[in-house]
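Me: Before I rely on the terms used for this model, I would like to see each one set against its cut-offs.

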Amino acid sequence: MKKELLEFYGFTFSDGASLNVAADEHDDKNCDDFSSHEEVMEFWYTNGYSAENDPHDLDRDNDGLACEVSQSEYDDYVASQEAAGSNDEASGDQEEAVEEDEEGAALPDTASNGPLMMLFGAGIAGAGSLLLFRRKNQTAEQQ
């Protein structure tokens, strides 16, 4: 029995490892997977890739730019992303300031039915205990 369990777990874990490798192969990106330089630059920038960190090998010549994107194109893209990021941060700061000024606002609807489910579980456990004691009493009376 132990041998069968070990074989089952060994097969399960070894098969799972091969599935992970197969999934990684399908996630590999090539330059042909992108329709434009804009899409390549967005993928490269959002994942934080560089000449030293290029898991998809999109930078074949190791110049730090994916799929033969020019340096000026990438610099313009990075500048636009940083400008957009600073605008988002400024609007986020304003929203936080407004939220801090509001006192006594309604709480978000985050309540769950956890306590009710705990009560329901306790009731089922109690009913099970009563049935167990009843069964013990019946078997004791029959002997």
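Reply: A nonpolar core is a set of buried Ala, Val, Leu, Ile, Met, Phe, Trp, Tyr and Cys residues joined through side-chain atoms within 4.5 Å, where buried means under 20% relative accessible area, exposed over 50%, and partly exposed in between (1.4 Å probe, protein chains only). This is a predicted model, in which local features need pLDDT of at least 70, side-chain atom pairs count only at pLDDT 80 or more, and totals for chains, interfaces and linings use all residues. Residues are numbered from 1 along each chain as its sequence is written, and side-chain values use heavy atoms, with hydrogens and water left out.

Me: What makes up the largest nonpolar core?

Reply: The largest core has 14 residues, and those with the most contacts inside it are Val40, Trp44, Leu58 and Tyr74. Two or more residues come from each of H2 and helix H3 (71–101), and H2 gives the most, with four residues; helices here are DSSP runs (H or I, at least four residues; strands are E, at least two), numbered from the N terminus.

Me: How do you know which side of H2 holds its buried residues?

Reply: In H2 (residues 37–46), Val40, Met41, Phe43 and Trp44 are buried. They cover an arc of only 165 degrees around the axis (taken from the directions from the helix axis to the C-beta atoms), and therefore lie on the same side of H2.

Me: Why is Met117 called partly exposed?

Reply: Met117, which lies in helix H4 (residues 114–142), has 45% relative accessibility, and therefore counts as partly exposed.
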